[in-house]
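Thanks for making time this morning. I would like to walk you through one structure, and I will begin with its aromatic residues before turning to the helices.

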Amino acid sequence: ANLSGQALGEVVSVFASISSSAKDLGKSQSSILRFTQLVNEIAYAGGSSADAIKFSMRQMSQSFAGGVVRAEEFNSMIENTPEIVRAAANGMGISMGEIRQKMLAGKLSAVEFYDAIMSQGSAIDAMFNQMPRTVAAAMQTLGNEFTALVGTINNTTGATGGLSSIS
């Protein structure tokens, strides 16, 4: 979350939406975490909003659950986060038109899509690391860190426990 300057809750939501269906594809927890990181980096670099990322990830999760990327999910990803589909096409060594044709023919498997994005990890990291940090992203990181601090203080002191007894 802090790397891409996104709200912690949004990144957790992205992870949660793809986690169970990606496990069905035989992917490990660490692989799913890395995939989530890459998807967030791609979307951040492409300028996608948090809502667009969340919606696109919901569609991607549905594709993973079904084992095949279908037209509805593909079109949603193209509309909301086209850079994710572009990264998958690059990972497969094909054009955007060719990945679309593959999907239309019912031959774009969820595993292939996932693995193609994962294969682009170094390129995605390099692109992301060249992006300038925005003030909004820095402020979001500060908010994420503050949330973590409050949680740590609460766990240590039990400070919020007393709030529930106040009537």
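What you see here is a predicted model, and when the whole structure is searched for aromatic pairs, three are found. Let me take two of them in turn, bearing in mind that a pair of aromatic rings is described by the distance of the centres and the angle of the planes.

One of the pairs is formed by Phe 35 and Tyr 114, whose rings are stacked, at 4.4 Å centre to centre and with 10 degrees between the planes. Phe 35 belongs to helix α2, residues 29-46, while Tyr 114 belongs to helix α7, residues 110-119, so this pair ties together parts of the chain that are 79 residues apart in sequence.

Phe 64 and Tyr 114 are both buried, and, taken together, Phe 35, Phe 64 and Tyr 114 make up one aromatic cluster.

That brings me to α3 itself and to its packing against a neighbouring helix. How are α3 and α4 oriented to each other? Helix α3, residues 50-66, packs with helix α4, residues 71-80, at an angle of about 155 degrees, and their axes are 9 Å apart. Angles over 145 degrees count as roughly antiparallel, and α3 and α4 are therefore roughly antiparallel to each other. The crossing of α3 past α4 is left-handed. On the α3 side, the residues making the contact include Phe 55, Gln 59 and Met 60, and on the α4 side they include Glu 73, Ser 76 and Met 77.

Finally, consider helix α5, residues 82-92, whose buried residues are Glu 83, Ile 84, Val 85, Ala 87, Ala 88, Ala 89 and Met 92. These buried residues of α5 pack against α2, α3, α4, α6, α7 and α8. After α5 comes Gly 93, which has a positive phi, near 75 degrees.

Conventions: Residues are numbered from 1 along each chain as its sequence is written. This is a predicted model: local features need pLDDT of at least 70, side-chain atom pairs count only at pLDDT 80 or more; totals for chains, interfaces and linings use all residues. Side-chain values use heavy atoms; hydrogens and water are left out. Axes are lines fitted to C-alpha atoms, for helices over the stretch in contact, and angles run from 0 to 180 degrees between N-to-C directions. Helices (H or I, at least four residues) and strands (E, at least two) are DSSP runs, numbered from the N terminus. Angles under 35 degrees count as roughly parallel, over 145 as roughly antiparallel, 65 to 115 as roughly perpendicular and the rest as oblique. A crossing is left-handed if the near helix is turned anticlockwise from the far one by less than a right angle, and right-handed if clockwise. Contact means heavy atoms within 4.5 Å. Rings of Phe, Tyr and Trp (its six-membered ring) pair if their centres lie within 6.5 Å; planes under 30 degrees apart count as stacked, over 60 as edge-to-face and the rest as tilted. Buried means under 20% relative accessible area, exposed over 50%, partly exposed in between (1.4 Å probe, protein chains only).
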